[in-house]
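I opened my notebook to look up a few contacts, starting with charged pairs and ending with a helix packing. Come along and check them with me.

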Amino acid sequence: MLERREEVLEMEFGDWTSMGYLLSAALFIFGLKQLGHPRTAPRGNQLGALGMLVAVLTTVLDMQLEGGAQWTLIIAGLVIGSLIGYWMAAKVQMTGMPELVALFNGFGGAASALVALSEVWKYLEGGDIPTGLQLTVTMVAAGLSAVVGWMTLTGSLLAMYKLKGGISVFGKWIKTPTWGPSWLNGVKILLLISAAVLIYLSIDDPTNKQYIYSLIAISGLLGIILVLPIGGADMPVVVSLLNSLSGIAAAFTGFIINNSVLIVAGSLVGASGLILTFIMCKAMNRTLLDVLFKSFGGGGEKQSLTRTKVGSDSDEVAMMLDGAQKVIIVPGYGMAVSQCQHQVKEFADLMKEKFDTEVSYAIHPVAGRMPGHMNVLLAEANVPYEQLIEMDEINSEFPDCDVALVIGANDTTNPAARSGEGPLAGMPIIDADMARTVVIVKRSLSVGYAGVDNDLFYMDKTMMLFGDGKKMITQLNNSIKEI
């Protein structure tokens, strides 16, 4: 009778576990849906976090832990992890969000790889080794989780330092290199083949530690080599891809430990990340293979500048803006570097207050250093969401625009993309050159990452404000106030 009661309780608890995982998966899906719009994104983050909390609590209860030591470790992990996450999120500035996102991607991949390693390690320590198909599935899933997880960790760490521009060592700033000779592509393929061979060998001999150590080393090296040749223009694509890989690693780990919610969550992250990656590639008119295996910018060669342009001052631009009925602001990487989003918001407010000007923002999908970078920066400055308009929707408005104010955007506004020739051929751009007057805030006439000179700079209707973005927009705002 007692045994029958225990079986019933076990079945009932199993049902509650399934319900907990179902609720968690539903929260993930609804949260992901809400992330599709800036206005609902905070709620989407909250739903996703709640879904993860439900998943963790359900998993812990399903383990039916016994003994205070086990509970102490679990609770300590939850508390310490939550405090570290809160501290990092509260401390980071909005301009540092790309680096934080890259770092979190790496942590996700490493966590999945460590869980997979812990399962395989039981075989190395003399645990019961499954046989037949179960062994094959376990070792293949563990191997793929290791490859993707460790590759994501090292690739994400390198991406983080590329986004930061370098690292400070004993007070000396060392710039993160971008290096990718053509033969490096052969090394990538060779490492992938080596990883596949090691996974195959581990199926025949799952207790061989050398296979595990070698697979970890190859995966870590592969992540570094994968990201090393990639520069600023492709970094948004890489950040999105690494995010996808962290989810894929989690899904593989879910198969190893037979955890359905980990499979669902990992699959959602992996699929959504891949979709976003392909959207970013389409926005650059490039394939994912081009991003990973080809240098963006004609092999790194940059055009030499043969033309000059006389710069304007803030007073000239302010006088020209007097009476403008429609202004479109085009933010780019230069706005992020100079951190002038608050000054840009002040400019928009001044134009509305003094001249009753309609102001909107043209957002290119790959502007900045991560997907949605411009949206994040402008949201920090409290720019209304409805003023942030995607490239495809706003391009038709430029012919009726009095002034296009371009802040640090180069390749994304370069008319050379329409020529069908060169590194930018076919890349969709923002049609800033269609505006009646163009004002460009830029440090110099230097080419963008693609290495192509920009004809937009030299048009008769273009006014150049040479200098740091924050400094020049501040001067422009002061000149507008004096009108």
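Is Asp431 buried or exposed? I found Asp431 buried, with a relative accessible area of 16%. I keep in mind that this is a predicted model.

**Entry 1: around Arg418.** I looked up the partners of Arg418 next. Asp431 forms a salt bridge with Arg418, and their closest N and O atoms are 2.9 Å apart. Both sit in the loop between β6 and β7, 13 residues apart. Arg418 itself is partly exposed, at 41% relative accessible area. Asp433 also meets Arg418 in a salt bridge, at 2.8 Å from N to O. Asp433 and Arg418 both lie in the loop between β6 and β7, so this pair ties together parts 15 residues apart in sequence. I noted Asp433 as buried, with a relative accessible area of 8%.

Entry 2: Glu397 forms a salt bridge with Lys326, with 2.9 Å between the closest N and O atoms. This pair links distant parts of the chain: Glu397 is in the loop between α15 and β6, Lys326 is in strand β3, and 71 residues separate them. Lys326 counts as buried at 12%, while Glu397 is partly exposed at 24%. Shared partners join Lys326, Glu358 and Glu397 into one network of salt bridges. My count for the model came to 10 salt bridges.

**Entry 3: α4 against α8.** The axes of α4 (residues 97-124) and α8 (residues 235-257) come within 9 Å and cross at roughly 20°. The two helices are therefore roughly parallel to each other, and their crossing is left-handed. The contact residues include Gly108, Gly109 and Ser112 of α4, and Ser246, Ala249 and Ala250 of α8. By class, I have 9 nonpolar, 7 polar and 1 charged residues in this contact.

How values were computed. Residues numbered from 1 in each chain as written. Predicted model: local features only at pLDDT ≥ 70, side-chain atom pairs only at ≥ 80, totals over all residues. Heavy atoms only, no water. Axes fitted to C-alpha atoms, helices over the stretch in contact; angles between N-to-C directions. Helix = DSSP H or I, 4+ residues; strand = E, 2+ residues; numbered from the N terminus. Parallel < 35°, antiparallel > 145°, perpendicular 65-115°, else oblique. Left-handed = near helix turned anticlockwise from the far one by under 90°. Contact = heavy atoms within 4.5 Å. Nonpolar A, V, L, I, M, F, W, Y, C, P; charged D, E, K, R; others polar. Salt bridge = Lys/Arg side-chain N within 4 Å of Asp/Glu carboxyl O. Buried < 20%, exposed > 50% of the residue type's maximum accessible area, 1.4 Å probe, protein only.
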